[in-house]
Amino acid sequence: MTPKNVERGALTEKLGVEIDPELLSLALTHRSFAYENGGIPHNERLEFLGDSVLGQAVTVRLYTRHPELEEGSLAKRRASVVSTVALAEVARRISLGAHVRLGRGELLTGGRDKDSILADTMEALIGAAYLSAGPDAATAMVLRLVEPLLADPERYGAAMDPKTSLQEIAARLGLVAPVYSVEATGPDHDRRFTATVTVGDLATTGNGSSKKQAEMAAALAAWRELDARA
């Protein structure tokens, strides 16, 4: 077995589903890699399928688990669990970034840790699992992966609005209000932003393709740290 196959075997073990090798390779192929390699197929069709499987699995679980919630509250919780920030968190938990096939440009700009790429690849993997193992196995995989989000109501707000959630938890802990600073690098057509947020003795950073995205990533990282302390 080649080192690459060993790595992908470790990934499918974390997912808990056997995925067809060709579908797995496709799910891990970002369009930047495809374009640099002669326009080979990439993962966006699988992403489309996975988004639907993810949404249905989360919707049914929330509906059956929370009969006390109105439609608006259910919709808000679903939106947060399937958000880019939340899916990127799931992807980092299984070290997905190390397996994504990216073009040179994305590799040079930190693509392995971009929320959007991680979230999209996570959806593509769900689509691949659906085609490989069927709807029941894919749904079970989704629910295993997002259970930490479903089990922690406070995390809904953090994923959807991390800056507000960080401000709230800082106030609750008697800390000063968060302070943000942002640096930009790269050419005008491909700017990358790195934000640092400081709350008391804690400083965390986040990256993104916009100032807002970078600040949100930094805020979510800080919220996680303070939530763990609390």
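Helix H8 (residues 115-133) and helix H9 (residues 135-150) cross at roughly 150 degrees, and their axes come within 7 Å of each other. Axes here are lines fitted to C-alpha atoms, for helices over the stretch in contact, with angles running from 0 to 180 degrees between N-to-C directions. Helices themselves are DSSP runs (H or I, at least four residues), numbered from the N terminus. On the H8 side, the contact (heavy atoms within 4.5 Å) involves Met 122, Leu 125, Ile 126, Ala 129, Tyr 130 and Ala 133, and H9 brings Pro 135, Ala 137, Ala 138, Met 141, Val 142 and Leu 145. Sort those residues by type and you get 12 nonpolar, no polar and no charged. For that sorting, Ala, Val, Leu, Ile, Met, Phe, Trp, Tyr, Cys and Pro count as nonpolar, Asp, Glu, Lys and Arg as charged, and the others, Gly among them, as polar.

A word on the ground rules: this is a predicted model, where local features need pLDDT of at least 70 and side-chain atom pairs count only at pLDDT 80 or more, while totals for chains, interfaces and linings use all residues. Residues are numbered from 1 along each chain as its sequence is written, and side-chain values use heavy atoms, with hydrogens and water left out.

Now for H4 (residues 44-65) and H5, which pack at an angle of about 140 degrees with axes 10 Å apart. That makes H4 oblique to H5 (under 35 degrees would be roughly parallel, over 145 roughly antiparallel, 65 to 115 roughly perpendicular, and the rest is oblique). Gly 55, Val 58, Thr 59, Leu 62 and Tyr 63 of H4 meet Leu 74, Arg 77, Arg 78 and Val 81 of H5. This contact splits into 5 nonpolar, 2 polar and 2 charged residues.

| Helix pair | Angle | Axis distance |
|---|---|---|
| H8 and H9 | roughly 150 degrees | within 7 Å |
| H4 and H5 | about 140 degrees | 10 Å |

Two loop residues are worth a look too. Ser 83 sits between helix H5 (71-81) and helix H6 (84-93), and it counts as buried at 13% relative accessibility (buried is under 20% relative accessible area, exposed over 50%, partly exposed in between, using a 1.4 Å probe and protein chains only). Its side chain reaches the backbone oxygen of Ser 80 at 2.8 Å. Beyond its neighbours within four places in sequence, Ser 83 is in contact with Ala 159 and Met 160.

Leu 102 is in the loop between H6 and helix H7 (104-108), and is buried, with a relative accessible area of 5%. Leu 102 and Thr 29 are 73 residues apart in sequence, yet 6.8 Å apart in space, C-alpha to C-alpha.

How values were computed:
Polar contact = N/O pair within 3.5 Å; in protein donor to acceptor, adjacent residues only side chain to side chain.
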